[in-house]
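Visitor: I would like to walk through this entry with you, one question at a time.
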Amino acid sequence: MVKICCIGAGYVGGPTMAVIALKCPSIEVVVVDISVPRITAWNSDHLPIYEPGLDEVVKECRGKNLFFSTEVEKHVSEADIVFVSVNTPTKTQGLGAGKAADLTYWESAARMIAEVSKSDKIVVEKSTVPVKTAEAIEKILTHNSKGINFQILSNPEFLAEGTAIVDLFNPDRVLIGGRETPGGEKAVKALKDVYANWVPEERIICTNLWSAELSKLAANAFLAQRISSVNAMSALCEATGADVSEVAHAVGKDTRIGPKFLNASVGFGGSCFQKDILNLVYICECNGLPEVANYWKQVIKVNDYQKTRFVNRVVASMFNTVSGKKVAILGFAFKKDTGDTRETPAIDVCKGLLGDKAMLSIYDPQVTEDQIRRDLAMNKFDWDHPSHLQPVSPTAIKSLSVVWDAYDATRDAHAVCILTEWDEFRSLDYQRIYDNMQKPAFLFDGRNVVDAKKLREIGFIVYSIGKPL
Ligand code: NAD
Ligand code: UGA
């Protein structure tokens, strides 16, 4: 029986390994983490992350060939294949602060693998890492290896949160990068055999290590760039009377462009797009390519601009002040069908409105009050000026409320801001909401989910992204 151990039981490690266990009953999969609460949650009925379909997969395999454990060293030493799926955030201090990936967790995992291993292993980079990381990992492993053979593979993950299980069941592609040596090719084949249990062979792409590492950064950069492109157009639409949905539809009909991922929004969020582009920017700068670096930096600048633009529009349309006015925030997660709030645009929007002394009432079906308060209390780290932390006023945080119902959030409010595209926001009883709001009742749709025409008939003043008033 092949034994797999995955270091890091997060948004990637947990779902990815659960699906491998489901699709490969003859493989034993152990997911390990240093976080005791996380592992306890993975072993309970309340998994640490909300992801449609995940509960069913975990229930099916847990205790059979899928295990979650904090005994990191034991399971690493017993494994044939070790996936490393630890977090790789942006560095906030020191060389490259604000851009470079912080590989502290990765390096400590690699050193631990070298120390506890007693047999040959394939070590798989699952985390998103800068191109050439495998070379550094290889050095750490081989210089500490005591004669053990390690093969490093790059196998970046392309799942999106909210659709992780569907994405893992039916991936567009699986990418495996390895050394072009007999040992490297053997390792690539071993990993390919795992995926071949459910992924058609033509969708498993094998490349050299650096292409695989860079393709992951490139894919996220291209995806984020599409959103910044359509968001940049949304500003022009608002200025000219064009409708961004119509423009996106017309543009996306060109088969060379394609229709997906062209929804204008308040801005993209999530733990990866900004981090991975900044990482790409840093790599370009280090390689003497400032023009290329600036090109990608602009994707993030437009995203920041879009979030600021949203806040300014709210304040400007409400007679230039929201001071003391109740503003309902519908949705806090960075996208629907997840409880994840990392880099959610809601943080910037809420902070912007709190800065103008608004009284916020926040509702999200999957995000806890604790999480919202923690996110808003945290000083904002500015990637462009990493030495400046923008402080948050504790009184402003105290003044906001977090509620468990959209109707509660909107009662007596002057304005509603929709910041996440949860399906339930499409079918709320907007007449009831309008009746219970202050007048004029403003609605700012940061995700273009409501039928603006119908809401205007009710009496709302509606501002959508990139659409005529
Ligand atoms: P996460 O923060 O949810 O999980 C990482 C886990 O690793 C944490 O639980 C942490 O406790 C654990 N960890 C850190 N150091 C450890 C160590 N030395 N030993 C054991 N456990 C350790 O992160 P994530 O969202 O799962 O992302 C992981 C990586 O995958 C990142 O590089 C990210 O860029 C990439 N990625 C994420 C997504 C996504 O949708 N979140 C998608 C594709 C790729
Ligand atoms: C993204 C990529 O889609 C995954 O392929 C990748 O594996 C992952 O990053 C990663 O490396 O972490 P994720 O961030 O989970 O996945 O979710 P997306 O669906 O890509 O959405 C990201 C953000 O863009 C969200 O805030 C979403 O609301 C926003 N978005 C997305 C738009 O504003 N418009 C769109 O048309 C699409």
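Visitor: What is the mean pLDDT of the protein chain?
Guide: This is a predicted model, and it scores ipTM 0.98 and pTM 0.97. In the protein chain, 99% of the residues reach a pLDDT of 70 or more. The mean pLDDT of the chain is 96.

Visitor: Which strands are the edge strands of the open sheet?
Guide: The open sheet has six strands in the order E13-E10-E9-E14-E15-E16, and the pairing is parallel. An edge strand pairs on one side only.

Visitor: Is strand E10 enclosed by the rest of the structure or exposed?
Guide: On one side of E10 lie Met359, Ser361 and Tyr363, and on the other Leu360 and Ile362, and these are all buried, with both faces covered. Five of the five residues of this strand, which spans residues 359–363, are buried, so E10 is largely enclosed.

Visitor: Which residue of E10 is the bridge partner of Ile329?
Guide: Strand E9, residues 326–330, pairs with E10 in the parallel sense, and five bridges join the two. Within that pairing, the partner of Ile329 is Ile362.

Visitor: With which residues is Leu360 in contact, leaving aside neighbours within four places in sequence?
Guide: Leaving aside neighbours within four places in sequence, its contacts are Val327, Ile329, Cys350, Leu353, Leu354 and Leu400.

Visitor: How many residues of helix H1 are buried?
Guide: Helix H1 spans residues 13–23, and among its buried residues are Gly13, Pro15, Met17, Val19 and Leu22. The helix is largely enclosed by the rest of the structure, because the number of its eleven residues that are buried is ten.

Visitor: Which residues come nearest to ligand 1?
Guide: The shell around ligand 1 divides into twelve nonpolar, eleven polar and four charged residues, and its largest share, three residues, comes from helix H5, residues 104–116. Of the 27 residues around this ligand, the nearest are Gly8, Gly10, Tyr11, Ser127 and Thr128.

Visitor: Which residues come nearest to ligand 2?
Guide: By class, the shell around ligand 2 holds eleven nonpolar, six polar and three charged residues. Helix H9, residues 209–240, supplies the largest share of that shell, three residues. Of the 20 residues around ligand 2, the nearest are Asn263, Ser265, Phe268, Gly270 and Cys272.

Visitor: Is Thr341 buried or exposed?
Guide: Thr341 is found in the loop between E9 and helix H13, where, not counting residues up to four places away in sequence, Thr341 touches Phe332, Ala333, Phe334, Val367, Gln371 and Asp375. Within 10 Å there are 24 other C-beta atoms, so Thr341 counts as buried.

Visitor: Does Asp412 count as buried or exposed?
Guide: Asp412 lies in the loop between helix H16 and E14, and its phi is near 65°, a positive value in a residue other than glycine. Because it has 11 C-beta neighbours inside 10 Å, Asp412 counts as exposed.

Visitor: Which peptide bond is cis?
Guide: Most residues other than glycine have a negative phi, and most peptide bonds are trans. Pro440 lies in the loop between helix H17 and E15. The bond that is cis, with omega near 0°, runs from Lys439 to Pro440.

Terms used:
Residues are numbered from 1 along each chain as its sequence is written. Chains are lettered from A and ligands numbered from 1 in the order in which they are written. This is a predicted model: local features need pLDDT of at least 70, side-chain atom pairs count only at pLDDT 80 or more; totals for chains, interfaces and linings use all residues. A residue is near a molecule or strand if its C-beta atom, placed from the backbone, lies within 6 Å of it. Helices (H or I, at least four residues) and strands (E, at least two) are DSSP runs, numbered from the N terminus. Ala, Val, Leu, Ile, Met, Phe, Trp, Tyr, Cys and Pro count as nonpolar, Asp, Glu, Lys and Arg as charged, and the others, Gly among them, as polar. Two residues are in contact if their C-beta atoms, placed from the backbone, lie within 7 Å. A residue is buried if 20 or more other C-beta atoms lie within 10 Å of its own, exposed if 12 or fewer, and partly exposed in between; C-beta atoms are placed from the backbone. Two strands pair if DSSP finds at least two bridges between them. pLDDT is the predictor's confidence in each residue, from 0 to 100.
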